[in-house]
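Please keep the sequence and the coordinates at hand while reading.

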Amino acid sequence: MQYNSPVILTFFLLSLGVLFLGQYTGGWTTTHLFSVYRSSLKDPLFYIRLFGHVLGHAGWEHFLNNMLLLLVVGPPMEEKYGSKALLGGIVFTALVTGVLQCVLFPRTGLLGASGIVFMLIMLASLSGFSGGIPVTMLLVAALYLGQQVYDIIFVRDNVANFMHIVGGVCGTVFGYVNAGPRRKRKH
């Protein structure tokens, strides 16, 4: 056995541990440590929630839906961009989605790795990027954005579709920023 994708596998294991911990505590840890919502900046747990919300999940179905995609799309992206850079992208996406949740949706909480998963999906759509705008990225963005906008307008559920879009934007920005130095080195 090989621990082939340290960031993605560690993220998976931490999320699994958080899910078990949430079940053991009757949801207390999920609500108080691994869901982000507007609270006092003086509360030290706020800063844990600001980043830790991506590890929390509402239940097994939520966890499995996110982790399946994470484990399929994540390892190739970690191999392509490197563990350190990918970890930076995950932390950045967690921060952006956490801050936007508190600012734009102050009365609701956010948890789950969906923003990270959509960051990885958009990042994967940039594979082979060597300048210009990849058609694959445009198609993924159009289909993905269209589905999220449709869901925002017509589907009433507890899914944070706006944060999926934000995660996708973070992945696109991350891909373009990290592809830039590679292109320059080739010339």
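A polar contact is a pair of N or O atoms within 3.5 Å; within protein, one atom must be able to donate a hydrogen and the other to accept it, and residues adjacent in sequence count only if both atoms are side-chain atoms. By this criterion, the side chain of Glu 78 has a polar atom 2.9 Å from the backbone nitrogen of Val 7. The side chains of Glu 78 and Ser 5 are likewise joined by a polar contact, of 2.4 Å.

The model is a predicted one, in which local features need pLDDT of at least 70 and side-chain atom pairs count only at pLDDT 80 or more, while totals for chains, interfaces and linings use all residues. Residues are numbered from 1 along each chain as its sequence is written, and side-chain values use heavy atoms, with hydrogens and water left out.

Glu 78 belongs to helix H4; helices (H or I, at least four residues) and strands (E, at least two) are DSSP runs, numbered from the N terminus. Because its relative accessibility is 4%, Glu 78 counts as buried, where buried means under 20% relative accessible area, exposed over 50%, and partly exposed in between (1.4 Å probe, protein chains only). Beyond residues up to four places away in sequence, Glu 78 touches Ser 5, Pro 6, Val 7, Ile 8, Ser 83 and Leu 86, contact meaning heavy atoms within 4.5 Å.

The packing of whole helices comes next. Two packed helices are described by the angle between their axes and the distance between the axes. Axes are lines fitted to C-alpha atoms, for helices over the stretch in contact, and angles run from 0 to 180 degrees between N-to-C directions. Helix H1 (residues 6-24) packs with helix H4 (residues 60-81) at an angle of about 170°, the axes being 8 Å apart. H1 and H4 are therefore roughly antiparallel to each other; angles under 35 degrees count as roughly parallel, over 145 as roughly antiparallel, 65 to 115 as roughly perpendicular and the rest as oblique. The crossing in which H1 passes H4 is right-handed: a crossing is left-handed if the near helix is turned anticlockwise from the far one by less than a right angle, and right-handed if clockwise. Among the residues making this contact are Phe 11, Phe 12 and Leu 16 of H1 and Phe 63, Met 67 and Glu 78 of H4. Sorted by class, the contact of H1 with H4 has 15 nonpolar, 3 polar and 1 charged residues; Ala, Val, Leu, Ile, Met, Phe, Trp, Tyr, Cys and Pro count as nonpolar, Asp, Glu, Lys and Arg as charged, and the others, Gly among them, as polar.

H4 also packs with H6, at an angle of about 40° and with the axes 9 Å apart. That angle makes H4 oblique to H6, and H4 passes H6 in a left-handed crossing. On the H4 side the meeting residues include His 62, Asn 66, Leu 70 and Tyr 81, and on the H6 side they include Ser 114, Val 117 and Ile 121. This contact of H4 with H6 has 11 nonpolar, 4 polar and no charged residues.

Helix H6 (residues 114-125) meets a further partner in helix H7 (residues 135-154), at an angle of about 150° and with axes 8 Å apart. From H6, Phe 118, Ile 121, Met 122 and Ser 125 meet Thr 136, Met 137, Val 140, Ala 141, Tyr 144 and Gln 148 of H7. By class, the contact of H6 with H7 has 7 nonpolar, 3 polar and no charged residues.

Which residues does Gly 171 touch, apart from those up to four places away in sequence? They are Met 119, Met 122, Leu 123 and Leu 126. Gly 171 lies in helix H8 (residues 161-186) and, at 0% relative accessibility, counts as buried. Its C-alpha atom is 7.3 Å from that of Phe 118, although Gly 171 and Phe 118 are 53 residues apart in sequence.

In helix H3 (residues 44-52), the residues Phe 46, Arg 49, Leu 50 and Gly 52 are buried. These buried residues of H3 pack against helix H2 (28-33) and helix H5 (83-104). The N-terminal end of H3 is capped by Asp 43, which has a side-chain oxygen 3.0 Å from the backbone nitrogen of Leu 45.
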